[in-house]
Every structure is written in C-alpha cells, then in structure tokens.
Amino acid sequence: MKTIEISVRSLVEFILRSGDINRKKRAAPENAMLEGGRIHRMIQRKMGSDYRAEVPLSHRVSYDSFEIVIQGRADGIIDNSTGVIIDEIKGIYLNLKYLDEPIHVHLAQAKVYAAIYALQNDLENIGVRMTYCNLDTEELKYFEYTFASSELNEWFGNLMDEYARWARFTVEWEEKRNASIKQLEFPYTYRRGQKDLAAAVYRTIYHKRRLFLEAPTGVGKTLSVLFPSIKAMGEGIAEKIFYLTAKNITGTVASDTFTLLSEGGLELKTVSIAAREKTCLLDEVKCTPEECPYAKGHFDRINDALFEILHSRNSFTREEVMTFAKEHKVCPFELTLDISSFSDAVICDYNYCFDPDVSLKRFFGDMQRHDYLFLVDEAHNLVERARETYSAELYKEDFLRIKRMLQDKEPRTARALGKCNEKLLEMKKSGGDFEVGTNMDKFLESLRRAASSYSDMLEERNRRHEAVEDELMEFYYNVRSFLGVAEIFDENYVNYTEIVADGRYRLKLFCVNPSTNLRRRLDLGRSAVFFSATLLPVRYYMDLISGDRTDYTVYAASTFDPSKKGVFIASDVSSKYTRRNRGEYQAIAGYIRDIISVKKGKYMAFFPSYSFMDNVLEAFMGFDQKGIECIVQDNNMSEESRKDFLERFTGKNGDEGTLLGFCVLGGVFSEGIDLKNDSLIGAVIVGTGFPMVCREREILKNYFEENGENGFDYAYRYPGMNKVLQAAGRVIRTEEDTGVVVLLDERFLENSYSGLFPREWENMQVVRRGEVKKETEKFWSSVGTGDFDTK
C-alpha cells in the first residue's frame with residue numbers, strides 16, 4: 001500500500017483552519033519559537049524525573065488503497081502515579097494576560113498526540129497540558145484538560161477521515177506522475193557534454209550531496225539540471241523540487257522548460273510563487289477582513305477552492321491563480337501557497353527558502369529534514385542576497401520618531417522606546433562617526449523590553465479594534481527582525497555603528513559570511529545544485545554559500561564555436577581612480593568608436609559608474625555620429641523604461657544603422673537578459689567591476705584577511721569580476737551567434753584577473769588603441785560577416 005506521511009502540525013493547521021486572514025492581528029506572532037528550541041529546552045530542563053522530553057510518536061491509519069502515517073514529537077510526556085499528561089509547549093510574543101484559552105490549532109496538536117499515545121498504550125483517560133511561554137519575559141501560563149480516550153479516538157478518526165480525500169488525491173496523482181516520468185525521454189539530442197552534466201546532477205542527488213556547477217550559456221543548464229531531478233523524483237529519491245531564482249526572468253526559463261517536458265508526456269504539477277504585492281487583487285495590499293473581501297472568510301472557503309483547482313490543471317501561473325481566486329473569493333497569494341503543498345515543483349525567489357522571515361513555513365517551519373531538492377539558478381547572486389537577508393539594522397532617529405507618535409496615548413511603550421534611544425545616544429557618544437564591534441548588550445536588553453511593551457500595545461489596540469498605522473507596524477517588524485538576527489549573531493557577523501550621509505545614526509548587524517545560516521536551510525533538504533554561467537573561482541562561492549570545500553564541482557565546457565567570439569583586451573587604458581581624466585575618457589571613447597565602426601549592429605558598453613559613463617559619453621559625442629544612435633541607461637529608470645530600452649535591441653533597427661547602449665556594469669542590463677542572434681553583437685566592458693570602496697567592503701576585507709583568505713579578493717576582486725563576466729555573457733547566446741567582447745582596462749592582463757577568465761577565452765587578443773580597429777576587422781572578416789564601414 002502507498003504510504004502518505006504528514007506531520008501532526010501540518011495536519012491540524014490544514015484541516016482545522018477557519019475564519020479570516022488578518023495580518024495585522026498577527027502582529028504579535030502566534031507561534032514564534034526561537035530557532036534551536038531555546039524555550040523548549042529551558043522548560044524541559046526544569047521538569048522532574050517523570051518528564052520525558054521530545055518523545056517521537058507516529059501512527060498509521062489504513063484506507064482501501066493507501067495508509068496515512070501521522071508523526072511528530074510530543075514536547076513532553078508526564079507519566080506518574082496520577083496518570084499520563086501530554087505537554088505541548090508554545091513560545092509566543094503575546095502578553096499572557098491576554099491569552100484566555102489555548103489557540104485552537106495548538107490544542108488540536110496536543111490532542112492528536114494524546115489520542116495516539118492513549119491508543120498505543122491502552123489508556124482510558126489522558127491529560128493534556130498547554131504550556132505557553134512569553135518569549136520576551138519567559139513568563140509561563142498553563143491550560144490543563146482531561147479527555148476520555150474514546151472521545152479522543154472519535155475526534156481523531158474524524159480528523160483523519162477529513163484528510164483522507166487529500167491523501168487519496170496525492171496517491172493517485174503520484175502514480176500518474178511517476179508513470180509519466182518513467183517514460184520521459186530527453187527532448188533533444190544531447191549537446192556535447194550535456195549528458196555528463198545531467199549525470200553529475202543525478203549522482204549529486206543520489207548521494208545526498210551538493211554540487212556547484214559552472215555552465216556557460218548554450219550548455220542547456222536549466223534542462224540539464226531539471227531533467228535528472230525529475231527522474232530522481234520518479235524513482236522516489238526526491239520529494240519536491242524547489243527551483244530558486246533571484247530574478248523573475250530565470251523563473252520564466254524554468255517554467256518554459258517544464259512546459260517543454262510536459263509536451264513530451266510529463267505529468268508534473270508546478271507552481272510559480274510571486275510576491276504578495278504582485279498577486280493581490282486589490283489596488284493596495286490590505287490583508288484584513290475589514291478592507292479585503294478575499295481575506296474575510298478566506299479559510300472557510302479555501303480548501304474547497306484548492307481541491308477544485310488542483311483537479312483542473314497541472315501548471316499554475318500567477319495569472320491563472322489570480323483569475324481562479326477571484327471567482328472563488330479567496331486570496332490568490334494564500335491560494336498559491338496552498339497549491340505549493342501539493343505541487344511537485346515550486347518556482348520561487350531565494351527568500352521563500354532562505355529568509356527566516358518569509359520562508360515557506362509549511363515546508364521549513366518544523367526545521368526537519370525532507371527529501372527536497374534545492375536548484376539554485378544564477379547562484380552567483382546568492383552571496384550578496386544572503387548577506388542582506390541575514391543582516392539587520394536600526395536607526396536611532398526611528399526610535400525618537402515613534403516615541404513621539406506614541407507618547408500621548410501609549411506612554412508606557414513610549415518610555416521603553418526612549419530608553420532604547422538613550423542607549424543608542426550613549427553608543428553614539430562613545431563610538432563617534434564609525435565604530436566596529438560596538439558593545440550593544442545594554443541596548444539589546446532595552447530593546448527586548450521595548451519589543452515586549454510594543455507587542456502588548458498592539459494586542460490592546462487589536463482588542464479595542466483600533467487601527468494601527470502602517471508606520472508603527474513597519475517599525476515593529478524591523479525591531480523583531482533585528483532581535484531575530486541578534487539571536488543568531490556569531491563569529492560570522494560584525495556589528496558596527498555609523499553616522500550615515502543624511503546624518504542618521506545606524507546600528508547594523510552585518511552578516512559577512514552567510515554560509516552557516518544558509519547551510520541551516522540547505523540541511524533541511526536532500527541535495528542542492530548551485531548553477532550559473534559565472535561561478536569563478538568556485539572556492540569563493542563554496543566558502544560563502546555552503547562553507548564546505550568537499551562539495552562536488554563541475555565546470556561544463558562551452559558548446560559554442562570559440563572562433564565566433566572575438567575577445568580583445570586593451571593594454572593602454574584603465575578605469576583606475578588615478579587615471580580618471582579627460583584624456584583617458586577620450587581614449588576609451590575612441591576605442592568604442594573604432595570597435596562599432598567596423599560592423600553595423602547593436603552594441604552595449606558597460607561602465608563602472610554613472611559618472612564615469614557620463615564622462616565617456618560626453619567624449620564620445622565629439623566623434624562623428626553618422627549612422628550611430630546612442631541610448632543611455634538612467635539611474636531611475638521605471639520598469640516601462642527598462643522594457644523600452646531592451647526592445648530597442650530585440651526589435652528591428654529601421655535604417656539598419658548601429659545602436660549603442662551606454663549601461664552601468666552590475667546593473668539591470670548587464671545580467672539576466674537574453675539577447676539572441678543579432679540583438680547584440682558586441683559588449684565593451686570598461687573597468688574591473690570593483691564595488692565602490694566603502695566601510696562595509698573594508699569590513700569584509702579585514703574579516704577575511706583575519707580568517708586566512710585574501711581579503712581584497714573576497715571584498716573587491718571576485719565580486720567585480722563576476723559583474724564583468726556576466727556582462728560579457730550577454731554576447732553569444734546561441735550557436736548561430738557571432739560577436740565581440742572587448743575589455744578596456746590594462747589590469748585584465750594581470751594573472752590575478754586573467755586567471756578568472758572562462759576557459760573558452762584562451763584565444764583572447766591584446767590590443768592597443770591604434771590596433772583595435774584593424775584586429776576587429778580581421779575577426780569579422782574571419783567569420784565572414786564584416787561590412788567594414790570605416791568611414
């Protein structure tokens with residue numbers, strides 16, 4: 001018989017939910033257990049010898065063609081002469097004086113454990129104790145009950161019967177899915193090396209390992225990663241696929257790949273999760289029953305709506321879900337999350353896996369390992385995203401501002417915020433404009449007390465049905481996030497204070513090495529594959545993503561003909577600060593003019609900053625512009641303006657002249673865009689892409705030097721070179737493409753930079769200002785496409 005496994009918590013939260021969505025009411029989180037179970041351990045240690053902690057329980061319920069295994073860990077079981085009591089511990093931020101009875105789903109969890117234990121130990125009666133602990137004050141409150149086993153068994157049986165239709169759906173779907181996977185064939189003839197690539201991914205999954213995969217454009221890495229992952233799922237090795245992206249466009253590539261495979265007979269349920277703001281049916285996100293008709297009564301309608309949509313299709317796009325949700329009067333974002341529970345593959349942003357504040361609690365909330373596959377696309381973006389995710393900051397001025405807003409109506413909370421402001425003022429006086437390693441113990445004590453008072457205030461307002469300003473809620477979330485990061489602050493962090501440019505005083509917990517935090521999440525799955533066209537040097541990404549240099553690595557050779565890409569390096573110009581003058585800008589502009597004059601077409605030039613770009617643009621305008629149209633990236637481009645900019649490259653040039661885009665290195669046009677065929681025939685990259693020298697970069701540099709690495713490489717060179725290689729990758733997107741990549745900085749000739757070049761650049765040429773035109777002509781002549789307009 002097929003077995004369906006579900007946790008006790010997942011069961012009760014899914015079947016027993018009801019009522020409205022009310023995000024503001026949940027300002028004080030209902031169940032905010034600190035990572036690592038600190039509160040559980042504290043309470044359990046205080047119990048006597050008759051108390052057993054973290055007791056695993058499981059129970060099988062058989063139906064006609066399947067069985068359901070429900071399992072979990074009882075927080076505690078008290079067994080003495082007076083009887084047996086199941087203890088369920090919950091840590092919450094709510095002031096316990098406002099808790100008149102247990103939260104419904106919390107008590108239901110305890111009752112399930114009690115029903116299982118009573119059944120397996122032949123008990124006539126069993127006790128249940130709900131233990132609530134305030135996370136700020138560590139105050140405890142108990143609720144105790146006694147149930148007859150016959151009463152519990154009937155209740156538990158009804159609960160399981162209600163879930164049985166969902167289990168039956170899962171069983172029947174998995175049989176259909178696995179049969180389709182078994183007959184699924186690779187949709188194309190394998191390109192050179194592609195089969196080996198897919199095999200490496202499969203081995204990684206089979207052996208429960210992690211793989212860092214560098215695969216240049218054209219290798220077909222998305223298909224090469226997804227195909228073996230799906231095959232592993234069909235063999236029962238993988239439970240669910242998470243395709244994680246940093247940008248929507250890469251998620252679209254994954255969706256297209258699933259569609260391609262479905263055309264070959266694959267039956268797979270896939271869902272794309274977009275942000276709540278992009279899914280909302282209202283003009284503004286207002287997740288309260290008073291303001292949103294889809295939030296009111298959502299949980300009363302959602303399960304029937306979910307059951308219907310799951311039977312209607314296999315692929316769930318944002319637009320399809322929004323249309324369905326509107327018809328059934330449920331929240332489309334919450335519906336999408338529920339669909340993900342029954343989907344085989346989930347396409348979503350990194351945050352839904354790695355960010356503890358917004359991660360998908362239904363998959364990662366129990367912090368237990370499952371056979372999940374994490375496929376991380378454009379993985380070079382994960383380092384900086386993770387640093388941002390696991391860092392937190394607060395501003396002194398915000399405490400003063402919120403204190404003034406509250407001082408008349410909420411004097412207690414205002415005083416608590418005032419204490420925080422005083423502690424920050426003391427730190428400011430002692431640390432000055434900038435200080436690393438500031439002692440923040442006293443501030444954290446005040447902040448925890450203020451957060452507790454703030455939680456009470458919000459709960460009191462909720463009980464009085466008073467509106468809570470968005471500004472107050474945003475500040476509260478920032479404080480809670482900061483305290484959350486403070487709990488995991490360790491040797492991978494540096495804290496610092498500074499006075500920022502606008503005069504505000506900031507305290508930041510800066511996650512310099514995110515690998516430990518990332519690994520906590522990665523360890524919840526079976527395997528992970530990190531893939532990108534630019535993962536050099538791979539040890540840098542291994543150190544900062546998994547922290548384990550024993551992970552598998554694969555470098556996939558390019559399938560493109562290297563003779564179709566001309567790579568040139570200028571030996572007589574540089575973007576160094578010491579060389580930034582009118583003469584250098586003129587020389588760089590001359591290089592660009594010579595390169596694009598050889599062949600008409602579409603080019604992009606990438607610069608280290610907007611100011612540098614503007615200076616070169618001014619110099620470039622001094623040349624003859626006949627037949628050349630220049631378009632320039634703006635610092636504040638709207639989404640529509642970006643689209644228009646790109647369409648100039650993907651569309652037709654009316655007069656068949658030359659189009660030149662002036663862009664910033666590391667910006668929106670230097671990665672994640674796919675300009676095929678003649679949409680882009682040349683990229684000119686000015687400078688080494690170094691991040692701007694700043695305090696945080698210097699903190700990174702010093703940190704890694706102290707830990708035995710080359711600090712300059714980790715803080716500047718490697719991040720900069722990734723920008724360079726990403727920009728260069730905009731040229732040559734298909735086997736038919738031909739184009740040039742020109743690097744305008746003499747530093748690229750140094751081994752510390754050229755050693756980071758892709759292998760397929762081995763035929764690069766070094767040029768000088770007077771030679772580049774001639775050498776470019778030779779290249780276009782060799783590929784038979786030059787028109788050599790040298791006028």
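Q: Which residues does serine 574 touch, not counting those up to four places away in sequence?
A: Arg579, Glu584, Ile588, Asp745, Glu746 and Arg747. Contact means heavy atoms within 4.5 Å. This is a predicted model: local features need pLDDT of at least 70, side-chain atom pairs count only at pLDDT 80 or more, and totals for chains, interfaces and linings use all residues. Residues are numbered from 1 along each chain as its sequence is written, and side-chain values use heavy atoms, with hydrogens and water left out.

Q: Is serine 574 buried or exposed?
A: Buried, at a relative accessible area of 0%. Buried means under 20%, exposed over 50%, partly exposed in between (1.4 Å probe, protein chains only).

Q: What joins the side chains of serine 574 and aspartate 745?
A: A polar contact of 3.2 Å. That term means a pair of N or O atoms within 3.5 Å; within protein, one must be able to donate a hydrogen and the other to accept it, and residues adjacent in sequence count only if both atoms are side-chain atoms. A polar atom of the serine 574 side chain also lies 3.1 Å from the backbone nitrogen of lysine 576.

Q: New topic. How many residues are in the largest nonpolar core?
A: It has 193. Such a core is a set of buried Ala, Val, Leu, Ile, Met, Phe, Trp, Tyr and Cys residues joined through side-chain atoms within 4.5 Å. Leu447 is among those with the most contacts inside the core. A second, separate core of 34 residues includes Ile588, which serine 574 touches.
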